[in-house]
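Welcome, and thanks for taking a look at this one. Below is a short tour of a ligand site and the residues that an annotation places there for us to examine.

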Amino acid sequence: MNPFKGSIAILGSGNIGISLAKGLIKANYALPGQISLTRRNITNLNALAEQGFVVSADNAAVVSIADIVVLAVLPQQLNQLLEQILPVIKPNQLFISVVSGVSCADIRTKLGETVQVIRAMPNTAIAIGQSMTCVATDQADPENIQEVIRMFETVGAVVKINEDLMTSATALCACGIAFFLRAIRAASQGGVEIGFHADEALKMAVQTAKGAADLLLQMQSHPEQEIDKVTSPKGCTIAGLNEMEHNGFSSSLIKGIKLSAAKAGALYTKE
Ligand SMILES: NC(=O)C1=CN([C@@H]2O[C@H](COP(=O)(O)OP(=O)(O)OC[C@H]3O[C@@H](n4cnc5c(N)ncnc54)[C@H](OP(=O)(O)O)[C@@H]3O)[C@@H](O)[C@H]2O)C=CC1
Ligand SMILES: O=C(O)[C@@H]1CCC=N1
């Protein structure tokens, strides 16, 4: 892999910003000294400073020397941040926004119409190189799109989508990791009810979930094909599955994803 040669500023180093930084280092996309991390309370970044990351509370200072600027604050924190960096942005800088519900055009409205903006929607598995990242833009240059895809491919799978689907991607992939984690947690709680200690129930549920995901990835099959192989006639799997469905299992996942998508589209206030 050809490492990135320039410098990266991650503005808003909270959960996803730090996960991204760690993932990029783990994948050898960049060295810690090439990545500046900002937040207002920088004492929370002491451990990362010790690992060699540049840590700062001064967004403008790090943007003034960055080739790639990653916007990773909450939607309601974005406008104030953009006001801070507006005076120092340079031509040829690439802005990557992971902020939910904010369009490329919204960011250009604040930073100027010539600014190159690409949105990326990763999930927290980016820290271990297993993100599902959706990438979208409206008018960024092809070479910038290629660099962003290359960056996120080092830390997981990437799908390029139309920008109008970014809130849907937020719900399915970024929020989605929490939905699957909750399903694993629930399975482990079921495991405790039927006789296992909590730690062994969780280990069993985690490996079973991993096996299910890997089956689909490696066999390129449909979930129902794999389910059909498990459900013996008159057996215990179909009994359990149908009981879950009677209680709204699929329906609740679908409804939750629809609500998350609607909410993701309404997190940002332009003014
Ligand atoms: N968490 C996730 O899984 C994902 C989140 N996202 C998106 O990423 C964004 C961040 O989410 P998340 O990481 O969960 O949120 P966090 O609250 O964990 O992170 C946001 C960070 O921004 C910092 N911050 C706030 N204002 C400023 C500022 N003016 N300058 C510099 N830093 C600032 C905060 O620290 P301090 O208060 O110290 O300044 C905080 O650490 C959101 O827009 C979210 O929609 C996208 C994909 C996945
Ligand atoms: O919960 C949130 O709003 C953010 C966006 C996607 C994941 N976390």
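## A buried alanine

A72 has 29 C-beta neighbours inside 10 Å, so this residue counts as buried; the cut-off for that label is 20 or more. Please keep in mind that the model is predicted.

A72 sits in the loop between strand 4 (68–71) and helix 4. Setting aside neighbours within four places in sequence, A72 makes contact with I10, L11, G12, G14, I16, G17 and V98.

## V73 in the loop

V73 is also placed in the loop between strand 4 and helix 4. V73 counts as buried because 24 C-beta neighbours lie inside 10 Å. Beyond the residues within four places in sequence, the contacts of V73 are L11, G12, L78, L81 and V99.

## What the record says

In UniProt, an unreviewed entry carries the annotation "binding site" for A72, V73, L74 and P75.

## Around ligand 1

Which residues are closest to ligand 1? They are G12, G14, R40, N41 and S100, out of 27 residues that surround the ligand. Two elements give two or more residues to this shell: helix 1 (15–26) and helix 4 (75–85). Helix 4 supplies the largest share, with 4 residues.

In terms of class, the shell around ligand 1 holds 13 polar, 12 nonpolar and 2 charged residues.

Definitions and conventions
Residues are numbered from 1 along each chain as its sequence is written. Chains are lettered from A and ligands numbered from 1 in the order in which they are written. This is a predicted model: local features need pLDDT of at least 70, side-chain atom pairs count only at pLDDT 80 or more; totals for chains, interfaces and linings use all residues. A residue is near a molecule or strand if its C-beta atom, placed from the backbone, lies within 6 Å of it. Ala, Val, Leu, Ile, Met, Phe, Trp, Tyr, Cys and Pro count as nonpolar, Asp, Glu, Lys and Arg as charged, and the others, Gly among them, as polar. UniProt positions are given in the numbering used here, feature names are shortened, and annotations may be inferred rather than shown by experiment. A residue is buried if 20 or more other C-beta atoms lie within 10 Å of its own, exposed if 12 or fewer, and partly exposed in between; C-beta atoms are placed from the backbone. Two residues are in contact if their C-beta atoms, placed from the backbone, lie within 7 Å.
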